[in-house]
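Dear colleague,

I am passing on the structure we spoke about, and below it you will find my notes on what turned up in it. Please read them with the structure open beside you.

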Amino acid sequence: FLVDEGTIGEWSLEGLPNDELSIQNGIMATRSSRYPLMIDPQGQALQWIKCREADRIRRMPQACVTTLSNRMLKDHIDTTMSQGLCLII
């Protein structure tokens, strides 16, 4: 009831699986008032986020994708949060 069938179809085209849990996670990721944290051992959310945020990632790729061992991780978090970008670790 928080999202219509058209939005679910759009998410499916972007790569989000069509199961109930994935849809609930998609709702939380798109409707939350805070920054969502996704732990994605299967890589399904990663592909969805990369497709959904492709324009923003292209704008600042060096700030949107990093690793836990990067010594600039804190700066990446600060930059992406202040500019409303996603951060893929």
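Which residues does Ile-57 touch, once those up to four places away in sequence are left out? In this model, which is predicted, Ile-57 touches Lys-50, Cys-64, Cys-86 and Ile-88.

Ile-57 also belongs to the largest nonpolar core, which has 16 residues, and is named there with Val-3, Trp-11, Ile-23, Ile-27, Trp-48 and Ile-49 as touching the most other members. Two or more residues of this core come from each of helix 1 (5-13), helix 2 (20-31), helix 3 (44-52) and helix 5 (61-64), and helix 2 gives the most, with three residues. As a general point, nonpolar side chains in soluble globular proteins tend to be buried together.

Val-3 counts as buried because its relative accessible area is 14%, under the cut-off of 20%. With residues up to four places away in sequence again not counted, Val-3 touches Ile-8, Trp-11, Ile-23, Ile-27 and Arg-31, while its C-alpha atom is separated by 30 Å from that of Met-60, which is 57 residues apart from Val-3 along the chain.

The side chain of Glu-14 makes a polar contact with that of Arg-52 at 3.3 Å, and, with the sequence neighbours up to four places away not counted, Glu-14 touches Gln-47, Trp-48, Cys-51 and Arg-52.

With best wishes

Conventions: Residues are numbered from 1 along each chain as its sequence is written. This is a predicted model: local features need pLDDT of at least 70, side-chain atom pairs count only at pLDDT 80 or more; totals for chains, interfaces and linings use all residues. Side-chain values use heavy atoms; hydrogens and water are left out. A nonpolar core is a set of buried Ala, Val, Leu, Ile, Met, Phe, Trp, Tyr and Cys residues joined through side-chain atoms within 4.5 Å. Buried means under 20% relative accessible area, exposed over 50%, partly exposed in between (1.4 Å probe, protein chains only). Helices (H or I, at least four residues) and strands (E, at least two) are DSSP runs, numbered from the N terminus. Contact means heavy atoms within 4.5 Å. A polar contact is a pair of N or O atoms within 3.5 Å; within protein, one must be able to donate a hydrogen and the other to accept it, and residues adjacent in sequence count only if both atoms are side-chain atoms.
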